[in-house]
Amino acid sequence: MSLEEIKSRIAKAEIAAGREPGAVTLIAVSKVQPNERVAVVLEQGQRCFGENRVQEASGKWPDFMQQYDGVDLHLIGPLQTNKARQAMELCHAIHSVDRPKLAKTLARLAQELGHCPDLFIQVNTGEEEQKAGVMPDQADDFIAECRALDLPVKGLMCIPPAEEEPSLHFALLAKIAARNGLSGLSMGMSSDFETAIAQGATHVRVGSAIFGTRG
Ligand SMILES: *Cc1c(COP(=O)(O)O)cnc(C)c1O
């Protein structure tokens, strides 16, 4: 599918949900894609991209940022504390804040660097053992803890379990965000971004539908 098609599907979903046009930010997830494919999408005007791993992102994005103005890079994968500085220097948003140790590290580095990317707190809505994210019943406390550290928390992020109906997870995430006064909702991927938009997503993370399957 082309970038244009995805953008028009997002626009239609915004209208269908009674959302403002442009309310949803498309994050083009470029992880594992060859640079030539990423360059094509940059040439088409896309500027917001998502990467899963700090190491991979720091290998390819500094060059692209030299070549293209206005790149907005989002880290959407798990973040180890020893990679936090690198992530904060490179990325404009981090979607995977999920534990106190990481929050404290980000707060300390924000002081030191004098800036901090926009932060999303990842919630493990499916309570899956192998998945990152704070458990739903601990989300309120963790959000409060991040705010007490003066971190710029913009919203919540989730990755629903693969075999489950995603809308239940999107609804849960939206509920936790609303009761905590958070407006950002990072939810929805290639297979379910329209459902996510219907439920209030502000950021959809779409990879394979734009770039093709990851080899
Ligand atoms: C890979 C990835 C995506 C994109 O998934 P697609 O199904 O290719 O759209 C979105 N979010 C996260 C956290 C990812 O790791």
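A search of the whole structure, which is a predicted model, finds three aromatic pairs, where rings of Phe, Tyr and Trp (its six-membered ring) pair if their centres lie within 6.5 Å, and planes under 30 degrees apart count as stacked, over 60 as edge-to-face and the rest as tilted. Two of the pairs are set out here.

| Pair | Centres apart | Angle of planes | Class |
|---|---|---|---|
| Phe49 and Trp61 | 4.7 Å | 40° | tilted |
| Phe64 and Tyr68 | 6.5 Å | 55° | tilted |

Phe49 in strand E2 (residues 48-51) and Trp61 in helix H3 (residues 54-67) are twelve residues apart, and their pair links distant parts of the chain; helices (H or I, at least four residues) and strands (E, at least two) are DSSP runs, numbered from the N terminus. Phe49 and Trp61 are buried, as are Phe64 and Tyr68, with buried meaning under 20% relative accessible area, exposed over 50% and partly exposed in between (1.4 Å probe, protein chains only). Ring pairs link Phe49, Trp61, Phe64 and Tyr68 into a cluster.

In helix H6 (residues 139-148), the buried residues are Ala139, Phe142, Ile143 and Cys146. Seen down the axis of H6, these buried residues fall within an arc of 100°, so they line one face of the helix, the arc being that of the directions from the helix axis to the C-beta atoms. The face turned away from the buried side of H6 carries the exposed residues Asp141 and Ala148. After H6 comes Asp150, whose phi is positive, near 65°.

Residues are numbered from 1 along each chain as its sequence is written, and side-chain values use heavy atoms, with hydrogens and water left out. In this predicted model, local features need pLDDT of at least 70 and side-chain atom pairs count only at pLDDT 80 or more, whereas totals for chains, interfaces and linings use all residues.
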